[in-house]
There are 2 protein chains.
Amino acid sequence: MSEKPPKDAPPRSIERRIKAIYESIPASERVLADRVLEYPSDVLMCSATELAELAGASKAAVTRFVKRLEYSDFREMQREIRRAQSTGDPIFLNAGRSQREGGSNALLVHLDQDMSCLRQTIEQLDQEVLIAIARRIVSARRVACLGYRNSYFFAAYMRRQIIQIRPDAMILPLPGQTLMEDLGQFGPDDLLIAVGLRRRPPELGRAMQLMQQAGVPIAYVTDRRAITSTKFAKWVVPCQVRGTSLFDSYVGVISVLNFICTRAVVLSGATGRKRLNDLEEMIELLSELDPKN
Amino acid sequence: MSEKPPKDAPPRSIERRIKAIYESIPASERVLADRVLEYPSDVLMCSATELAELAGASKAAVTRFVKRLEYSDFREMQREIRRAQSTGDPIFLNAGRSQREGGSNALLVHLDQDMSCLRQTIEQLDQEVLIAIARRIVSARRVACLGYRNSYFFAAYMRRQIIQIRPDAMILPLPGQTLMEDLGQFGPDDLLIAVGLRRRPPELGRAMQLMQQAGVPIAYVTDRRAITSTKFAKWVVPCQVRGTSLFDSYVGVISVLNFICTRAVVLSGATGRKRLNDLEEMIELLSELDPKN
DNA sequence: AACCCACTAAAACTTGTGTTTCAATTCCCG
DNA sequence: CGGGAATTGAAACACAAGTTTTAGTGGGTT
């Protein structure tokens, strides 16, 4: 007992162990480290062979990696982690889920709500509408994203994804500018993406009405309760935002926007720009500049 | 090989299968059934041998039990169950939801991905950490939200919710300002909420390092692969952002932020809730907002 | 009581796993 | 440009996992 072996002394989690040595390990093991950090439950559920395949490494690399983490054995590592899990380390709650087991766990209640919010949003959407919007994003002469209050963030998010294929996409309103300075020139060849979730200020409806009168097609991302303002839109994307929570849940909104943008990028590749039209390649390309800091 | 086993026909859940045959199985397999019904995750995590020991049965009993459940193999059973869990409710995956004609169910695939992304984020978080952050939001002298690129939107969203209980909450960086002009005065009594999702510019890490040196506690919302920058944070909130999609999915991030903000409001108690009510009332009164438009 | 049948688990068997070895390769550093 | 250290995955290896066989037990029936 006088000697303290470093092994059992600190009940360090794998994440901690990985981060401690991350800088000093070779590439083949680093891909494993990345995979484990991103999907920790894989270690519990998969065999070492599967883990190697998932991470894109060899079985030998897995063994070396395990040793470097100061585990004697792949299996011992699994046991170790499982112990940590059963003693309450929340990182791996994933595997032990049994819905009603949570009891007073507010987090899991929250998860349930957001899951059903997300599901209800997506299930009741028409894929063709979303694809039509994506197509329009690619083909329109100009694109602008509009949103107020909370919705502004989502409009801005949308615009940020779109500029990867259309660097001219605008975000509105701009501080200190009136809307019409930027939208004044818009016409039937353009596209307005309006995000109007609950707590819409009247400006939004007015702007949409004006744009409709100018013949501008409008894609309108909103909540289910919107009524009158949907009349101005060519495409309506109603999202479920209401939970029993204090604040509205926007998981459905962000998910839909992601979907539209993804489709738009794919479509833009297909329409013959010199961009890669292979989705996988694009993912690879986007992933290569990926700082681990 | 010419014969097609009934293997791939029904994607029934394991619980269903067990209950279907429960009455008609012998004792040694029934103890296994009981164990599995009570701790379903054992099947995923344990080996067949371990499962036998836990339930108090023999290895042979496990094999017979698995066969009786119409799985060809113990390992195949594990794979089957794992697949069902990782996508959430297996109802969505291959239940043949062809209500949307057109053959391509890209939307439902997208839903699956975002559902599991959301689940993996929430389930692997520590509720105590989130509550500690919420508490700090209420008690800190000053609060600032920091984020670059995509993360900026989430920092801004966060700040927008927080100002309902803390009107002094800041969003950073501000255009045309240097960070230190706003953060220079920060110290141990304050709180910095940093959002740093993939594609982090180096500025973020530098800012966090400086703040840590100044003794400022940092709540850091990031993705699972972040390594070095987590060293500067007092609380780390790792989110699952990676799907097989082109763009990262932020459903988990937005959900967590919502949770933290909600808890902060609840914790802020009467004053906070009062303020929120006042705000709503005032808004209603001025009819500044019309939810129906 | 004798027989039969279902059931059980120990032990042999087989397959697939994780580990180790090793030659080829890359990357430094002189 | 070399030589050497480090890194890598394919293949060989040892071993443990799951399956099958088998011998034994207990309960029920005629």
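Trainee: How much of chain A is buried?
Mentor: Of its 293 residues, 52% are buried, meaning under 20% relative accessible area with a 1.4 Å probe, protein chains only. Mind that this is a predicted model, where local features need pLDDT of at least 70, side-chain atom pairs count only at pLDDT 80 or more, and totals for chains, interfaces and linings use all residues. Residues are numbered from 1 along each chain as its sequence is written, chains are lettered from A, and side-chain values use heavy atoms, without hydrogens and water.

Trainee: What secondary structure does chain A have?
Mentor: There are 13 helices and five strands in chain A, taken as DSSP runs (helices H or I, at least four residues; strands E, at least two) and numbered from the N terminus.

Trainee: At what angle do α2(A) and α4(A) pack?
Mentor: About 100 degrees, with the axes 9 Å apart; axes are lines fitted to C-alpha atoms over the stretch in contact, and angles run from 0 to 180 degrees between N-to-C directions. So α2(A) is roughly perpendicular to α4(A), a label for 65 to 115 degrees.

Trainee: Which residues make that contact?
Mentor: Val31(A), Leu32(A) and Arg35(A) from α2(A), against Leu51(A), Ala52(A), Leu54(A) and Ala55(A) from α4(A), with contact meaning heavy atoms within 4.5 Å.

Key
Buried means under 20% relative accessible area, exposed over 50%, partly exposed in between (1.4 Å probe, protein chains only). Angles under 35 degrees count as roughly parallel, over 145 as roughly antiparallel, 65 to 115 as roughly perpendicular and the rest as oblique.
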